[in-house]
Amino acid sequence: MNVSNLLLTALRSLGKNKMRSALTSLGIIIGVASVIMMVGIGNSARVSVRDKVYTYGANAMSINSERPFTEPDLERLRRSTSYIKYITPMVGRKAVNVKFENRFLESRVRGVNNDFFRIQEWPVTFGRYFTELEILSYEKVVILGDSARLSLFGNSNPVGRIILVNNVPFMVIGSLSELGQAFSGRDQDNVVIMPFTTAGLKIEGRRDFNEIFASTYSEDLVEKTAGEIRRFLRSERSIVPGQAEDFTVKTSREKLEMAEYIAKTLAILLAGIASISLIVGGIGIMNIMLVSVSERTREIGIRMAIGARRQDILLQFLIEAVTLSAGGGIAGITLGIFIYFIITIAVGWPFLFSVFSIAISFLFSGAVGVFFGYYPARKASDLKPIDALRYE
Amino acid sequence: MDRVIEVRDLVKTYFISDDVSVHAINGISLSVAKGEFLAIMGASGSGKSTFMNILGFLDSLSSGSYLLDGVEQASLDDDRKAEIRNTKIGFVFQGFNLLSRTSALENVELPMIYRGGARPSEVREKARELLAMVGLSGREDHHPNRLSGGEQQRVAIARSLINEPAIILADEPTGNLDSRNTADIMGIFTRLNIELGITIILVTHEPEVASYTRRKIVFRDGLILQDTSIKKNVRRSGK
């Protein structure tokens, strides 16, 4: 008997028990759908995290210290290595109340120099960046993030307007393009950026700061530079080996790796759960195939009496099992993609169509059918013709 | 005369438990020539059905020898046995043994599909012809549950013929049928025997049915009690 006949026979006998076949496949459908969904969500999460990190700057690093930095530290750090391209203090991040006419906004302050915009590759939409003079002379000027600008000024040009930041008047000299949500979910565009000198004096009330943000000439120099900075700070602060550092140097890559590690761990966990559901589905198929074999013992006897070989019977039942599991696989893939698609729309993640995960899921579901269908099929084909024929 | 079946000292023992065994067949020797039409008779438990199952390669023998067309059964593996059941032997059972929820036509086609090598259209054509031959034209698409006993048995006969077997083994083929259908079925067997020269062995306990044949073998307690050939000019039309 050839494969097309066997397939026809399998489809026909499954069709005779539609409800049972559908319920049997349900385990596989759910298993495969969850695999597809999980893999998709995992990939989307990873990609969106990576995008966030890249907007933050792939060659960037941030240096945090418990012992505050002062302005001369900035120059010393720059000279400690030859790879730093941009370096800026990060003053504040403090929550402030912003007011323009009768509009209020809760926002955050950042005190930086112009290198900050270059590290972030953050273009202006209105106005301009700071001038050196503005920074040196503690000028009360601000550049607004996109959502801060929108809530205060709507669509009108904010340049030249005076706003109150914690009741201190500042002049708006520019606004920035949209950056989007941080992967913590925080709105990075709700920000009021001012010269670090001004931020220290008017907002923080001190002239030193705890964070420095820097970038290197290229992405592959980041780790090396971070290492040199670490060594420089250790020796400058006389930290002996074994003693805890009072500073941290975090690179974008570390953040990326951390995010990817979390995503990967999550994916493995989810894949584990999904495989368990596939195995449970497979056991369901095996169970029903065993029932089917014993229900159809007479049919097997008749087929043997008219000339079916053992392998014909084996293949008949094996193909039935594989049809159940692969059919469930196809339904599961469809369902999984659909749910994944809905989720990406709801969360605003990119929808990534992975042919690889679909192919793997399909093959795996087929393999589940072969694995769990073999024993019942073997049992059927091992029957003696006369015993099968006489079975009541 | 060619001997199709040659059985020597055939014994079949069933083990009911480790120390209890039943001899269903106690040493039977028998030859059947090509083109014979014979009936095996006997009370139930006389071993006649067991003997048929062994002849049909459905059951194995415990000792002795069975040659079909000069080939010893014991020397064949399962696949060869399946092939012989498929191509050399046609079975007709008391309980018809058609696949349920499968049309008459598909039931008839099945042995030829298992045999392989034929185009689907060829198989279909041949199955139609055979159904027409047993008088079931127009019933091709009926499932067994919509056919009468006599019709089902005719489907089974058509099925047994599709691979042009040399032998038909019929185990109480009319056991579930009324007298009119019995006459129909026996008429078909007689025609197959005379017109196509197919060797037919049937098991029955009805003398009426046995009277269609030309040789009668009576079994008792797993042994042949009587073996008589009837010389007659066969002219039974079946109707």
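This is a predicted model: local features need pLDDT of at least 70, side-chain atom pairs count only at pLDDT 80 or more; totals for chains, interfaces and linings use all residues.
I will start with one result: helices α3(B) and α4(B) lie oblique to each other.

Now the numbers behind that. Helix α4 of chain B covers residues 120-133. It packs with α3(B) at an angle of about 125°, and the two axes are 9 Å apart. As for handedness, α3(B) passes α4(B) in a right-handed crossing.

Which residues of α3(B) meet α4(B)? On the α3(B) side they are A104(B), L105(B), V108(B), E109(B), M112(B) and I113(B). On the α4(B) side they are V123(B), R124(B), K126(B), A127(B), R128(B), L130(B) and L131(B). By class, this contact has nine nonpolar and four charged residues, with no polar ones.

Next, the other partner of α3(B). Helix α5 of chain B, residues 149-161, packs with α3(B) at an angle of about 30°, with the axes 7 Å apart. That angle makes α3(B) roughly parallel to α5(B). Here too the crossing is right-handed. From α3(B), the contact uses A104(B), N107(B), V108(B), L110(B) and P111(B). From α5(B), it uses V155(B), A158(B) and R159(B). The classes here are six nonpolar residues, one polar and one charged.

Is S160(B) buried or exposed? It counts as buried, because it has 26 C-beta neighbours inside 10 Å, and 20 or more is the cut-off. Leaving aside residues up to four places away in sequence, S160(B) touches G90(B), F91(B), V92(B), P165(B) and I168(B). There is also a pairing across the sequence: S160(B) and K88(B) are 72 residues apart along the chain, and their C-alpha atoms are 9.8 Å apart.

Helix α2 of chain B, residues 78-87, takes us to the other chain. Its buried residues are A82(B), I84(B), R85(B) and N86(B). Within chain B they pack against β4, β6 and α3. They also pack against α10 of chain A, residues 297-305.

That brings me to the contact between the chains. How many residues are in contact on each side? There are 17 from chain A and 21 from chain B. On the chain A side, the elements giving two or more residues are α10, α11 and α13. The largest share, four residues, comes from α10(A). By class, the chain A side divides into nine nonpolar, three polar and five charged residues.

Last, chain A itself. It is divided into domain 1, residues 3-52 and 264-390, and domain 2, residues 93-205. The centres of these two domains, taken over C-alpha atoms, are 57 Å apart.

One residue from chain A to finish: L201(A), in helix α7(A), residues 196-204. L201(A) is partly exposed, because 16 other C-beta atoms lie within 10 Å. Along the chain, L201(A) and Y138(A) are 63 residues apart, yet 7.8 Å separates their C-alpha atoms.

Technical notes
Residues are numbered from 1 along each chain as its sequence is written. Chains are lettered from A and ligands numbered from 1 in the order in which they are written. A residue is buried if 20 or more other C-beta atoms lie within 10 Å of its own, exposed if 12 or fewer, and partly exposed in between; C-beta atoms are placed from the backbone. Two residues are in contact if their C-beta atoms, placed from the backbone, lie within 7 Å. Axes are lines fitted to C-alpha atoms, for helices over the stretch in contact, and angles run from 0 to 180 degrees between N-to-C directions. Angles under 35 degrees count as roughly parallel, over 145 as roughly antiparallel, 65 to 115 as roughly perpendicular and the rest as oblique. A crossing is left-handed if the near helix is turned anticlockwise from the far one by less than a right angle, and right-handed if clockwise. Ala, Val, Leu, Ile, Met, Phe, Trp, Tyr, Cys and Pro count as nonpolar, Asp, Glu, Lys and Arg as charged, and the others, Gly among them, as polar. Domain bounds come from an automatic or database domain assignment.
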